[in-house]
Amino acid sequence: MAAAHKSLHCGKLVALCLLWAGLWKAGAGQIRYSVPEEMDKGSFVGSIAKDLGWEPRELAQRRVRVVSRGRTQLFALSPRGGSLVTADRIDREELCAQRARCLLNFNILLEDKLTVYSVEVEITDINDNAPRFGVEELELKVSETTAPGFRIPLKSAHDADVGDNALHNYQLNSNAHFSLEVQRGEDGNKYPELVLERALDREEEAIHHLVLVASDGGSPVRSGTCRIRVTVLDANDNAPVFTQPKYRVSVPENISVGSRIITVTATDADDGYNAQVTYFLERIPGATTDIFELESTSGDLRITKSLDYEEAKSHEIDIEAQDGPGLLTRTKAIITVLDVNDNAPEFYMTSAASSIPEDSPPGTIIALFNVDDRDSGQNAFVTCSLPEELPFKLERSVDNYYRLVTTRSLDREQVSFYNITLSAIDGGNPPLCTDAYVLLQVADINDNPPAFPQANYSVYLKENNPRGTSIVTLSAHDPDSEHNAHVTYSLAEETFQGVPLSSYISINPDSGVLYALQSFDYEQFQNLQLWVIALDSGKPPLSSNVSLNLFLVDQNDNAPEILYPVFPTDGSTGVELAPRSAEPGYLVTKVVAVDKDSGQNAWLSYRLLKASEPGLFMVGLHTGEVRTARALLDRDALKQSLVVAVQDHGQPPLSATVTLTIAVADSIPDILADLGSMETSTDPEHSDLTLYLVVAVAVVSCIFLAFVIVLLALRLRRWHTSRLLQPSRNGLAGLSPSHFVGVDGVQAFLQTYSHEVSLTADSRKSHIIFPQPNYADTLISQESCEKKDFLSASQCLLGNKEETSQTTHEENPLLECKSTISLLLKRRARKSGRKLRRLPSSPGNSASSAIYE
């Protein structure tokens, strides 16, 4: 039965809630609801979606949420039905105490548009509290002389509920001596009084036990009881009387603990023990009487706890005065709390962005916050501000809500983050201020291309560099951040000398280091221009380029090259002529050289490194001109050999040498006549080799000549021709040998007497040529001489070894020799039966020849 009654009661409450929700909806941006207290968690309060004209599904889309000010969240939003429900059980007495109306205010926030709606919910009272007395048992002392009709005030009960659910009446159990009357005070409260109906007789009954019942007007009715013990005393017919019916006092909320607020005084007309007055505070359960303390003898009312205007603006205290026998009287002390500016403004950050792109337009909302001051009046008037130099401003909304918005575009490269100080100051004296901080990070966008420190670069690199040499490191700075600032490097696609530039130089895309892919040669090119591109990783990517001029620095890697004199290709050496009549300083020849290097490496200097006769010639240091240093003397050798060194000024210096052969004579015939005594090689190694070959040929020729002579002697002796053999030998001995002059492999054949004898191995065929004197100024190579037969070679060898100075001979010994040899050959032909045939003369040679077969 009790469960059914409770279910019926809950149903009525829900219907009442729906009715109030429909009736209390108002305009001006505020919504009102009413809900009973003590409803279960999740109980329906009102349809927010319907009252705001939305569909329930829009609550999640608009990110609607409940914002409360500094208290526990009592309400929540149901995402499915779009309704407002309770977030926990609500106790009206805990929230509003004895106030007639209990109103709770909070806000509904639409995060997508940062719009705020005010909501007011009234918590209606239900009969959930029974009346309670301050004491469970009350002891009264009444004199037996007390006349009927005497009234004794009793302890009143307290009911935390309000309205019909509050205390309604008192009842006293039936007895013969006492009755109950209820008095209504000026504040509307009911105070019970015990009325003596019949005179007491202590001897008849010394103690009376009564039960006082306090009932409320709720449904179902709740009640509380207090036991009363009446002790009958002897006569005490005067109760204490207060000097004032009510005591009023005003104190500031910051009054110190222990301070005396007021002193109450009551007097008793009786004497002695019956006139001793004691003061008491009437203790009401749940009331604020524990904040105050009343001294029982002096009547001083003191503060035991700090007062707070924001919690209670006034306090009403019931004070009792009781005399010795137990008669008491009651009065009320009303303490009014005065507000002082003891509460600084408080920030409640509803929504705040931690990051914002730097290209956000002016007016972008950064934060939405509420400022509240718990003080009242001027002390609660709050003004918000922020530093003027920042690109932000505050826009005020409803119910002390503010928006923090941008006033201009932001630039992350100038300021990457802001520590925004929000200041709220109240109107108190002195004013109190509170600061709140909003940390805002400016998000980067790719709005800056990489930048090189210089507009162009010039780099110098020594030629002949190793492959892979690091040339230079280029670095571009991008003021953006993270991936927008990551720079990669590349080379512009170009060609150089018909070859892609990438075959010469490469660049590290991450570090910007340029490397040489080849060993560069200054003589091929002196400078190289290229473009380096720096590209960031943003979207879209930005780039910049810079010009780089690579200049090669010449190294001394080329030795001087002799242009003149030029050596003949046939192995001979050129000869320069210096007349014996030349004066000092006579220009003989000039050494011309070049150096492929440049600058200091190509500066050439000439010096005489070696001379066959020192002091005879000199070489210009910078011109390379070979001049005579003194007049030529007869004792100076015909052939002068000079070694001229050409050296550059590089580090280390490189050099080249050239050997000059200078013939000292007044005319070319003189030179050719005198060159027979000159050595044929200027190269020491070549001269030594030639000497060995000449010696070997000479030895073989001598041996062969000796063999021929012995053979001829034997044959002439056999034929008894010793008479004829001796003149011929004398004639041959009188002949002047051929004169051959060799100058570095060049043989001068002058006034040649050439006797060619060709003998076969078996002596069956011989070839003899008798030359005629030839005075042609003709130069023949040494090779032609070497191709002659052994007899002719013997004649050359003899001519070189004897070093004869004869230049002319008589023709008679020659003719005699020729006739002798002819006679011998004819005789031998007749004896052997062979023929002797004359051969025709060769062109340019008047010599006659014969073949003996």
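This is a predicted model: local features need pLDDT of at least 70, side-chain atom pairs count only at pLDDT 80 or more; totals for chains, interfaces and linings use all residues.
Residues are numbered from 1 along each chain as its sequence is written, and side-chain values use heavy atoms, with hydrogens and water left out.

**Overview. The protein has 10 helices and 58 strands.** Helices (H or I, at least four residues) and strands (E, at least two) are DSSP runs, numbered from the N terminus. Of the 853 residues in the protein, 42% are buried; buried means under 20% relative accessible area, exposed means over 50%, and partly exposed lies in between (1.4 Å probe, protein chains only). A contact means heavy atoms within 4.5 Å. Among the contacts in the protein with a separation of 6 or more, 67% are between residues 24 or more positions apart. The accessible surface comes to about 45,600 Å², and carbon and sulfur atoms account for 52% of this surface. Accessible areas come from the Shrake-Rupley method with a 1.4 Å probe; for residues, only the protein chains shown count as cover.

**View 1. Asn 448 lies in the loop between strand S33 (433-443) and strand S34 (456-462).** The side chain of Asn 448 makes a polar contact of 3.1 Å with the side chain of Glu 413. A polar contact is a pair of N or O atoms within 3.5 Å; within protein, one must be able to donate a hydrogen and the other to accept it, and residues adjacent in sequence count only if both atoms are side-chain atoms. Another polar contact, also of 3.1 Å, links the side chains of Asn 448 and Asp 480. When residues up to four places away in sequence are not counted, Asn 448 touches Glu 413, Asp 478, Pro 479, Asp 480, Asp 536 and Leu 542.

**View 2. Three strands form an open antiparallel sheet in the order S2-S5-S4.** Its edge strands are S2 (44-46) and S4 (75-78), each of which pairs on one side only. Neighbouring strands of this sheet are turned by 45° against each other on average, direction ignored; axes are lines fitted to C-alpha atoms, for helices over the stretch in contact, and angles run from 0 to 180 degrees between N-to-C directions. Two strands pair if DSSP finds at least two bridges between them. S4 and strand S5 (residues 83-86) pair in the antiparallel sense over four bridges. Within this pairing, Ser 78 stands opposite Ser 83 in S5.

**View 3. Thr 124 is part of strand S7 (residues 115-124).** Thr 124 is buried because its relative accessible area is 17%. Leaving aside neighbours within four places in sequence, Thr 124 is in contact with Ser 34, Val 35, Pro 36, Glu 37 and Arg 92.

**View 4. Strand S50 (residues 639-648) is mostly covered, with eight of its 10 residues buried.** Strand S47 (residues 604-611) runs antiparallel to S50 and is joined to S50 by seven bridges. Here Ser 605 stands opposite Gln 647 in S50. S50 also pairs in the antiparallel sense with strand S51 (residues 655-664), over nine bridges. The bridge partner of Ala 645 in S51 is Thr 657. S50 and S51 form a hairpin with six residues between them.

**View 5. Gly 134 lies in the loop between strand S8 (132-133) and strand S9 (137-143).** Gly 134 is partly exposed because its relative accessible area is 39%. Gly 134 and Lys 155 are 21 residues apart in sequence and 7.2 Å apart in space, C-alpha to C-alpha.
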